[in-house]
Amino acid sequence: AHPFDRAFVLIEQDGMRWRLYPGRFGHELSRLDGHGVRVFCRPRSEQPGDGTVAVRGYELLPVDGQAPVAGVIGLRGDGPYLETETARLVLGGPLAGTLEKFDGCRVWVWGERSRRGAEPPAIEVAGYVVIDWGCSAP
């Protein structure tokens, strides 16, 4: 084993343990230590009860009652935005400026969202986690 290999173990509420094979999600999951995460898995082998599953996706659970949104940070003349799979959210609040240095990075952001139908859609950033450093951040 490589000294930087990580073991991911999912422990269900009833105490059942599963060894997770995170595949392409390994790096992102390792950045979410201390956060609640819902993991979507499939059996890794056809042998029932081998206790291993492969991760096929995940989502960050609400933080302080606010649903996190995943996306990539981008910059415009008037500040940062979050490009998601379905929308571009303008980022506001005191933490928004901090996110400018993460241009091009994949992040989870949470905070209060603008009312439905507001243009442009926005979020007042209450917190964030950088999950992929595929950017030029220091």
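This report describes the fold, salt bridges, nonpolar cores and aromatic pairs of a predicted protein model.

Residues are numbered from 1 along each chain as its sequence is written, and side-chain values use heavy atoms, with hydrogens and water left out. Because the model is predicted, local features need pLDDT of at least 70 and side-chain atom pairs count only at pLDDT 80 or more, while totals for chains, interfaces and linings use all residues.

## Overall architecture

The protein has two helices and nine strands. Helices (H or I, at least four residues) and strands (E, at least two) are DSSP runs, numbered from the N terminus. Along the sequence, the elements follow the pattern β-β-α-β-β-β-β-β-α-β-β.

Of the 138 residues, 36% are buried. Buried means under 20% relative accessible area, exposed over 50%, and partly exposed in between (1.4 Å probe, protein chains only). The accessible surface comes to about 8,900 Å², and 48% of that area belongs to carbon and sulfur atoms. Accessible areas come from the Shrake-Rupley method with a 1.4 Å probe; for residues, only the protein chains shown count as cover.

A contact means heavy atoms within 4.5 Å. Among the contacts with a separation of 6 or more, 52% are between residues 24 or more positions apart.

## Salt bridges

A search of the whole structure finds four salt bridges. The criterion is a side-chain nitrogen of Lys or Arg within 4 Å of a carboxyl oxygen of Asp or Glu. Side chains of opposite charge can pair when their charged atoms come close.

| Pair | Closest N and O atoms |
|---|---|
| Glutamate 28 and arginine 106 | 3.1 Å |
| Arginine 38 and glutamate 59 | 2.4 Å |
| Arginine 88 and glutamate 83 | 2.7 Å |

Glutamate 28 forms a salt bridge with arginine 106. This pair links distant parts of the chain, with glutamate 28 in helix α1 and arginine 106 in strand β8 (residues 106-113), 78 residues apart. Glutamate 28 counts as buried because its relative accessibility is 12%, whereas arginine 106, at 28%, counts as partly exposed.

Arginine 38 forms a salt bridge with glutamate 59. Arginine 38 lies in strand β3 (residues 37-43) and glutamate 59 in strand β4 (residues 52-60), so this pair ties together parts that are 21 residues apart in sequence. Arginine 38 is partly exposed at 40% relative accessibility, and glutamate 59 is partly exposed at 30%.

In the pair of arginine 88 and glutamate 83, arginine 88 is partly exposed at 41% relative accessibility and glutamate 83 is partly exposed at 32%.

## Surroundings of glutamate 28

Helix α1 spans residues 26-30 and holds glutamate 28. Not counting residues up to four places away in sequence, glutamate 28 touches Tyr58, Arg106 and Ile131. With tyrosine 58, the glutamate 28 side chain makes a side-chain polar contact of 2.5 Å. A polar contact is a pair of N or O atoms within 3.5 Å; within protein, one must be able to donate a hydrogen and the other to accept it, and residues adjacent in sequence count only if both atoms are side-chain atoms.

## Nonpolar cores

A nonpolar core is a set of buried Ala, Val, Leu, Ile, Met, Phe, Trp, Tyr and Cys residues joined through side-chain atoms within 4.5 Å. The largest core has 15 residues, and those with the most contacts inside it are Leu29, Leu32, Tyr58, Trp108 and Ile131. Two or more residues of this core come from each of β4, β8 and β9 (122-132), and β4 gives the largest share, four residues. Leaving aside neighbours within four places in sequence, leucine 29 is in contact with Phe8, Pro22, Val37, Val55 and Tyr58. Another core, of 14 residues, lies apart from the largest one and has Ala96, Leu99, Ile123 and Val125 among its members.

## Aromatic pairs

Three aromatic pairs are found in the whole structure. Rings of Phe, Tyr and Trp (its six-membered ring) pair if their centres lie within 6.5 Å; planes under 30 degrees apart count as stacked, over 60 as edge-to-face and the rest as tilted.

The ring centres of phenylalanine 25 and tyrosine 58 are 5.9 Å apart and their planes are at 80°, so the pair is edge-to-face. Phenylalanine 25 is buried at 10% relative accessibility, and tyrosine 58 is buried at 11%. Phenylalanine 102 and tyrosine 128 also have centres 5.9 Å apart, but their planes are at 55°, so that pair is tilted. Phe25, Tyr58 and Trp108 form one aromatic cluster.
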